[in-house]
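Please work through the exercises below with the sequence and the structure at hand. Each task is followed by a solution in steps.

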Amino acid sequence: MKRHLTKRNLFILLIAIATGYFYSKDGSITTSVVSTATSFALPLALAAMVGIMCERTGIVNIGIEGTLLTSAFVAFFVSSMTHNILIGLTASVAIGSLLGLLLAVMSVSWKMDQIIAGTIINILATGLTSFLYVQGRTIPATFPEYDIPKLMDIPFFGQVLFMHGPLFYFGLFVILSLYVALFKTTWGLRSRAVGEHPSSADTAGVSVLRLRYINVTIAGAIGGLTGSFLSLELVGSFERGFTAGKGFTALALMIFGRWNPLGALAAAMFFGMTQAYANQLMIDQVVQIPTQFITILPYILTIIVLAISAGKVRAPAAEGQPYEKENA
Amino acid sequence: MSALLEITGLTKQFPGVLANDNISLTVKAGEVVALLGENGAGKSTLVKAVFGLIKPDKGEIKISGNTMHYGDTAGVIAAGVGMVHQHFQLVPVMSVTENIVLGDEPRKAFFINRKAARAQVIALSERYGLQVDPDAIIEDLPVGMQQRVEILKALRKDVKLLILDEPTAVLTPQEIDELLIVIRTLAKSGVGIVLITHKLHEVMAVADRVLVLRGGKAIGFTSPAQSDEAGLAQMMVGRSVVLRVDKTPAKPGKPALEVVGLQVLDDRKLLSVKGVDLVVHHGEILGVAGVEGNGQRELVEAICGMRHRIAGQVHVDGAETKDLHPHAIHAGGISHIPEDREKHGLVSSYSIADNLVLNQFDVEPFAKGWVRNISHVNTNADDVVAKFDIRTPSAQNLASSLSGGNKQKVVVARELSEDLKVLVAAQPTRGVDVGSIEFIHNQLIAARDRGTAVLLVSAELDEILSLSDRVAVMSGGKIVAIVDSKDADRNYIGRLMAGLKE
Ligand SMILES: Nc1ncnc2c1ncn2[C@@H]1O[C@H](COP(=O)(O)OP(=O)(O)OP(=O)(O)O)[C@@H](O)[C@H]1O
Ligand SMILES: [Mg+2]
């Protein structure tokens with residue numbers, strides 16, 4: 001425990017030093033780059049929470065991409081039709097929960113192969129959103145940026161952390177809460193027990209199926225929130241294939257973060273940073289290399305750095321296995 | 001007053017096995033009922049049904065007069081039932097404390113009160129004299145320690161009915177004595193107890209009544225007053241069992257296994273094998289006696305390549321074996337019955353047939369080059385299942401569907417199925433019924449007579465004394481004495497094990 005904490009701390013320290021160095025050279029650009037990075041990172045981290053919630057109780061969820069796509073779509077079109085982004089947000093959380101419930105029914109009750117169940121959700125999402133998609137719709141407004149008084153005046157951190165929209169703050173709150181809930185509460189202990197060794201939980205009077213249902217559904221709701229965040233706060237529009245693989249990136253970040261919400265957040269932050277710096281490189285045109293290479297750069301860097309720093313990872317032991325009571 | 005536990009006409013059919021056939025049993029407050037039966041007789045099935053873990057096809061279960069239902073384990077626990085499971089129900093990556101409090105955690109609002117939880121575990125461990133480290137992670141603990149955790153977990157709440165499914169299989173004799181005292185004390189205070197065990201003297205010591213099961217049927221009730229060990233054994237197996245081992249004197253040949261100056265660390269990185277020298281000759285059984293935790297486990301694991309040797313060598317027929325290469329060591333002529341069958345002996349999700357060739361799946365006749373020869377694997381399995389009396393409808397069933405003792409038989413059968421130069425047998429009869437113990441003992445002696453050098457490690461002093469040709473006593477990480485079995489007197493060995501000189 002201690003050992004990997006210090007390793008992660010070292011890694012964070014390294015990033016901090018690098019950022020500090022750039023900041024001393026050019027404060028305003030560095031601040032805006034890191035601020036962009038944070039906006040890139042948060043939806044990814046939030047999407048990783050969907051995976052963490054599910055996998056910690058033993059359900060593999062590769063349908064995150066589909067959940068994000070569907071809920072971003074619903075958020076946008078419901079907002080557009082009702083001219084109310086709050087209704088859009090509610091609808092997207094509802095559809096996310098529904099998809100979570102669908103995954104729970106398929107994988108917990110029907111004991112379907114969970115990879116197939118997730119794939120069904122992804123295919124469903126692509127199909128539905130392209131079929132129902134109409135061009136040229138708009139929404140009345142995006143969620144406005146809300147700068148937190150006082151805190152926004154802190155140099156550097158003010159702009160990075162406290163000058164965002166409401167869903168950003170709420171998302172960050174969800175991530176931190178999930179961390180606390182997973183490791184400090186009875187719900188967390190029971191959920192992890194269910195994901196590691198379900199029969200132990202069962203014999204301790206913890207209902208494996210119920211907890212899996214609840215957690216996978218809540219995870220879906222978080223996925224819905226993420227979808228809204230993307231279409232109603234960050235971008236303000238929707239087109240076909242809108243989420244562009246974020247759901248799969250989130251799964252990788254979950255693994256790099258060792259199924260730990262803070263770990264996934266750190267991994268997402270690193271990925272966001274590389275992306276923001278890559279964008280900056282393109283804007284500045286300091287180096288003359290094809291833009292395609294620059295766009296690949298964040299992925300390659302992230303893989304290398306995280307693979308080195310993550311060390312040995314171990315997934316929850318009961319992941320992907322339906323619980324067969326009498327065979328336990 | 002209604003009985004604490006009332007089972008009426010319980011029937012459970014598994015694919016191909018009638019595990020429980022119309023069984024009825026009542027347990028009153030303050031009564032100790034022992035369940036006795038061969039491996040696969042249906043004992044665990046019966047108590048798991050009580051705990052709501054198995055769905056009976058027929059029959060009714062009442063606790064304190066209330067009917068219990070399948071799936072409602074929380075309700076059964078709330079009704080005051082605690083159970084020690086034969087197959088430990090512990091989360092490997094969690095701590096002892098987390099495992100013990102799981103399901104009913106002390107809390108502050110939504111949060112687990114870790115301090116209170118830890119204090120509860122310490123108090124519990126002191127109250128019942130079962131020492132555990134509250135912060136240790138389960139998967140780092142030896143099975144004996146895990147067993148203690150499992151027992152403490154069941155005792156945590158003030159239970160009215162305590163079910164113990166082979167709680168003593170992996171405990172040391174001292175711990176067993178303490179547990180028997182706990183059982184008696186609890187019974188005196190009015191707790192009803194159901195005890196499953198294969199050790200007949202435990203039954204004689206604590207049971208008020210004994211229910212004998214055979215092939216899923218209740219054969220009948222008896223009691224220690226009406227019977228003796230031989231009588232109990234006969235009743236459960238259906239024939240008379242020789243509880244004593246008959247063997248001819250050994251004809252030891254050349255040295256087969258030579259251990260020289262071996263030093264090994266335990267899981268806490270402390271030196272636990274402190275320079276051991278041992279020689280086991282072809283055609284003899286060398287027993288290692290000792291109180292658990294004196295380095296026997298580490299010694300065995302180092303010999304078999306599962307634990308790093310920090311100093312010393314292990315030779316087989318004069319050739320040095322390579323450290324930390326279990327596969328090469330096996331190829332070099334050592335077979336190994338590991339003490340923890342669930343962790344190191346079996347792949348539960350593989351079929352019994354595949355488990356029976358885990359050590360030779362890649363060699364003739366079970367494979368040709370890269371291709372497995374499944375028909376050989378299957379005929380081998382059918383032979384072995386018949387020979388070792390492994391109770392299963394088919395060798396194609398998963399190992400996880402076997403009863404505990406039958407799993408043990410699979411491991412023993414596999415390791416005895418090839419005649420290697422050396423056999424290292426750690427707790428070979430753990431959880432096995434008396435009839436099968438007799439059989440396994442005879443197989444070990446037969447292997448000896450075919451020239452195998454057997455290194456036997458067992459927590460059962462009786463097993464060591466009856467099988468061994470020479471007895472090595474291990475204490476404090478060292479071999480403190482090696483005596484010929486003719487001179488091995490129980491008291492003398494016991495004193496040496498306790499670390500007393502002469
Ligand atoms: N989940 C299962 N699926 C199929 N068969 C099973 C299952 N559980 C138990 N059995 C079978 O039911 C029979 C009774 O098993 P049980 O575990 O009750 O035996 P036991 O009396 O506890 O034996 P042991 O002394 O070896 O622990 C065995 O033949 C076993 O193979
Ligand atoms: Mg059993």
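Predicted model: local features only at pLDDT ≥ 70, side-chain atom pairs only at ≥ 80, totals over all residues.

Residues are numbered from 1 along each chain as its sequence is written, chains are lettered from A and ligands numbered from 1 in the order in which they are written, and side-chain values use heavy atoms, without hydrogens and water.

**Exercise 1.** Determine which residues come nearest to ligand 1 and which polar contacts are made.

*Step 1.* There are 23 residues around ligand 1, where near means a heavy atom within 4 Å. Lys43(B), Ser44(B), Thr45(B), Ser403(B) and Gly405(B) come nearest.

*Step 2.* Because the surrounding residues come from chains A and B, the site is shared between chains.

*Step 3.* A polar contact to the ligand is a pair of N or O atoms within 3.5 Å. A polar side-chain atom of Thr45(B) lies 2.6 Å from an oxygen atom of ligand 1; for Lys43(B), a polar side-chain atom lies 2.8 Å from a ligand oxygen. Ala41(B) has a backbone N or O atom 3.2 Å from an oxygen atom of the ligand.

**Exercise 2.** Describe the strand pairing of β16(B).

*Step 1.* Strands are DSSP E runs of at least two residues, and two strands pair if DSSP finds at least two bridges between them.

*Step 2.* Strand β13 (residues 255-265) of chain B runs antiparallel to β16 (residues 309-316) of chain B, with 6 bridges. Here Val259(B) stands opposite Val314(B).

*Step 3.* β16(B) is also joined by 2 bridges to the antiparallel strand β17 (residues 319-320) of chain B, where His315(B) stands opposite Glu320(B).

Technical notes
Polar contact = N/O pair within 3.5 Å; in protein donor to acceptor, adjacent residues only side chain to side chain. Helix = DSSP H or I, 4+ residues; strand = E, 2+ residues; numbered from the N terminus.
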